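User: I'd like to learn how to read a protein structure, one feature at a time. Could you walk me through this one?

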Amino acid sequence: MSACALVVALACGIASIVIASTGVPVEEVEPTAAIDTDVAHEHDWAIQYDTVVHDEVSHEEVVQPVYERIVTHHSVCNDCNEIVDGHAQEHIDATGHSGYSTNVPVTESRLVSEGRIDVIIDEPAYEELVATGHTCTICGESS
């Protein structure tokens with residue numbers, strides 16, 4: 001039984017007893033103020049958190065292409081330095097150049113690995129819980 005209902009029942013019971021013993025009706029009184037139902041308590045504080053997102057920290061490193069030098073021997077036109085292996089006479093006839101040399105060392109660059117840009121991650125992205133305050137789990141008060 002609630003405290004309010006108990007008070008009303010007791011008041012009615014006392015009025016009945018007074019009427020029965022004296023024969024004089026007692027003036028009925030309306031209950032006045034409501035009974036305070038807020039119960040004092042000791043706060044039970046819970047920590048409140050927010051999530052803070054930290055972005056990845058990175059930098060770029062340029063890796064240069066790698067070439068190797070290769071020396072090969074060819075027949076070369078004496079006028080324009082074009083490699084004419086296997087078709088020297090045709091080149092001379094078509095261009096009117098004076099001649100060619102054989103077994104000429106020709107240095108070439110050959111790509112060994114292509115250049116690229118590497119992304120280096122210094123610190124990965126992560127989430128962090130940061131305390132932002134406290135809330136009472138009983139009454140909801142915040143601090």
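User: Let's start with Glu 42: where is Glu 42 found?

Analyst: Glu 42 is found in the loop between α1 (3-22) and β1. Keep in mind that this is a predicted model.

User: Is Glu 42 buried or exposed?

Analyst: The general idea is a cut-off: over 50% relative accessible area means exposed. Glu 42 has 73% relative accessibility, so Glu 42 counts as exposed.

User: How far apart are the C-alpha atoms of Glu 42 and Cys 136?

Analyst: They are separated by 9.3 Å, though the two residues are 94 residues apart along the chain.

User: How do I read the overall layout? How many helices and strands does the protein have?

Analyst: Go through the elements in sequence order. The protein has two helices and six strands, and along the sequence they follow the pattern α-β-β-β-α-β-β-β.

User: And what share of the contacts links residues 24 or more positions apart?

Analyst: Taking contacts with a separation of 6 or more, residues 24 or more positions apart account for 76% of them.

User: What about burial? What percentage of the residues count as buried?

Analyst: Here the cut-off is under 20% relative accessible area. Of the protein's 143 residues, 10% count as buried. The accessible surface comes to about 11400 Å², and carbon and sulfur atoms hold 54% of that.

User: Which residues is Ser 75 in contact with?

Analyst: For this, set aside neighbours within four places in sequence. What remains for Ser 75 is Glu 82, Ile 83, Val 84, Asp 85, Tyr 100, Ser 101 and Thr 102.

User: Let's follow Ser 101, then. Where is Ser 101 found?

Analyst: Ser 101 belongs to strand β4 (residues 100-113). With a relative accessible area of 30%, Ser 101 is partly exposed. Not counting residues up to four places away in sequence, Ser 101 touches His 74, Ser 75, Val 76 and Asn 78. As for Ala 88, 13 residues from Ser 101 along the chain, the C-alpha atoms of the pair are separated by 9.3 Å.

User: Now charges. How many salt bridges does the structure hold?

Analyst: Look for a side-chain nitrogen of Lys or Arg within 4 Å of a carboxyl oxygen of Asp or Glu. The structure holds one salt bridge. Asp 118 forms it with Arg 116, and the closest N and O atoms are 3.0 Å apart.

User: Why do both partners count as partly exposed?

Analyst: Partly exposed is the range between the buried and exposed cut-offs, 20% and 50%. Asp 118 counts as partly exposed because its relative accessibility is 24%, and Arg 116 does because its relative accessible area is 44%.

User: Which residues gather in a patch of negative charge?

Analyst: On the surface, Asp 55, Glu 56, Glu 61, Asp 122 and Glu 123 gather in one. Take Glu 61: Glu 61 lies in strand β2 (residues 57-63) and is partly exposed at 39% relative accessibility.

User: Last one: which residues form a nonpolar patch?

Analyst: Ile 47, Tyr 49 and Leu 129 form one on the surface, with about 310 Å² of accessible area together. Ile 47 lies in strand β1 (residues 45-54), and its relative accessible area of 42% makes Ile 47 partly exposed.

Notes
Residues numbered from 1 in each chain as written. Predicted model: local features only at pLDDT ≥ 70, side-chain atom pairs only at ≥ 80, totals over all residues. Heavy atoms only, no water. Patch = residues over 30% accessible without salt bridge, like charges linked within 9 Å, V, L, I, M, F, W, Y side chains within 5 Å. Areas by Shrake-Rupley, 256 points an atom, 1.4 Å probe, with all protein chains shown as cover. Helix = DSSP H or I, 4+ residues; strand = E, 2+ residues; numbered from the N terminus. Buried < 20%, exposed > 50% of the residue type's maximum accessible area, 1.4 Å probe, protein only. Contact = heavy atoms within 4.5 Å. Lys, Arg positive; Asp, Glu negative; His and termini not counted. Charge placed at Lys NZ, Arg CZ, Asp CG, Glu CD.
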